[in-house]
Amino acid sequence: MRTLMVLFALTLAATTRAAPVSAPPTGAQVDFQGIIARALSIYVPYMAARGVTLEFVQSHQHGITGSGNRDSETHATLTVDDGYYTNPKITEDGFRFMVCHELGHITGSAPHMEAPAMYDGILDDKGDVPISAEGQADYFAAAKCMRQVLAGQDDVAYVRAHGAPRLVAAECSQSFPDEEGAALCQRIMVAGKNFLDSFARSFPSSFDAQDPARPPYSLLGEHPPAQCRLDTVVAGALCPVDKDAPVDPYDPAAGFCTSKNFPQGARPACWFKE
Ligand SMILES: [Zn+2]
């Protein structure tokens, strides 16, 4: 009977956690400009300290697109198109993740993007484009930027209000024994999934799957497949390295998880070869 009651209590707790009280804010409920302003308040000074002026450009093409570019040695541009503001699929955290992905390109932690054929822009010391590769932009967004932009929020209350998949909750509580850390981790995973699902042409990905691909070299010139990108979001959210630990443009291990210090939080092998 006691076992039954414990089981019942556990089931109840799991159900409560999985069932959101209300859907997370989308569309007109989202303070898009406030989210951009908060991100810029962190990353404009961050880039200025590295000799780069970061400028925000609002584009009006009604597309669901954003970009993060290094136009020159001293100038970077974050562009967000207004199509996002009317996209019913993106949540406020999904939008945060998008902004963080683009800022991930700009902040330029390793590995960097491979220069495409006919590219005539600036190069880094290794002959790559001086912005983070797509996989790294996702990883930076999850492991660093989301934690920066959400700092000071009550993540426990947010997750209680808007819910998170049971699998996400279980994984996060293994990496983060404290309730606040686990809630932030859940929020980041759900945000990354929403970002991936919000594209006009999105591909399926799932928290209970993993991309089995093992390319012989890191994929640095392209977007990894959707499942691989979600695996990267999950790894970044699980990585317990401090959000303020310095990262490096040439050393992927600096400031992040690796197979040596925390394998569950390391960049997945579906795109990254350590
Ligand atoms: Zn990108």
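Me: At what angle do helix H6 and helix H7 pack?
Reply: In this predicted model, helix H6 covers residues 166-175 and helix H7 covers residues 179-197. Their axes lie 8 Å apart, and the two helices pack at an angle of about 135°.

Me: How many nonpolar residues does the contact of H6 with H7 have?
Reply: From H6, the residues Val168, Ala169, Cys172, Ser173 and Ser175 take part, and they meet Ala182, Cys185, Gln186, Met189 and Val190 of H7. Sorted by class, this contact of H6 with H7 has no charged residues and three polar ones, while the number of nonpolar residues is seven.

Me: Which residues of strand S3 point to the face where side chains are buried?
Reply: Along strand S3, which spans residues 75-81, the side chains alternate between two faces.

Me: Which residue of S3 is the bridge partner of Arg70?
Reply: Strand S2, residues 66-72, pairs with S3 in the antiparallel sense over six bridges, and these two strands form a hairpin with two residues between them. Within S3, the bridge partner of Arg70 is Ala76.

Me: Which residue in S3 does Glu55 stand opposite?
Reply: Strand S1, residues 53-59, runs parallel to S3 and is joined to S3 by seven bridges. The residue in S3 that Glu55 stands opposite is Thr77.

Definitions and conventions
Residues numbered from 1 in each chain as written. Predicted model: local features only at pLDDT ≥ 70, side-chain atom pairs only at ≥ 80, totals over all residues. Axes fitted to C-alpha atoms, helices over the stretch in contact; angles between N-to-C directions. Helix = DSSP H or I, 4+ residues; strand = E, 2+ residues; numbered from the N terminus. Contact = placed C-beta atoms within 7 Å. Nonpolar A, V, L, I, M, F, W, Y, C, P; charged D, E, K, R; others polar. Buried ≥ 20, exposed ≤ 12 C-beta atoms within 10 Å, placed from the backbone. Pairing = 2+ DSSP bridges.
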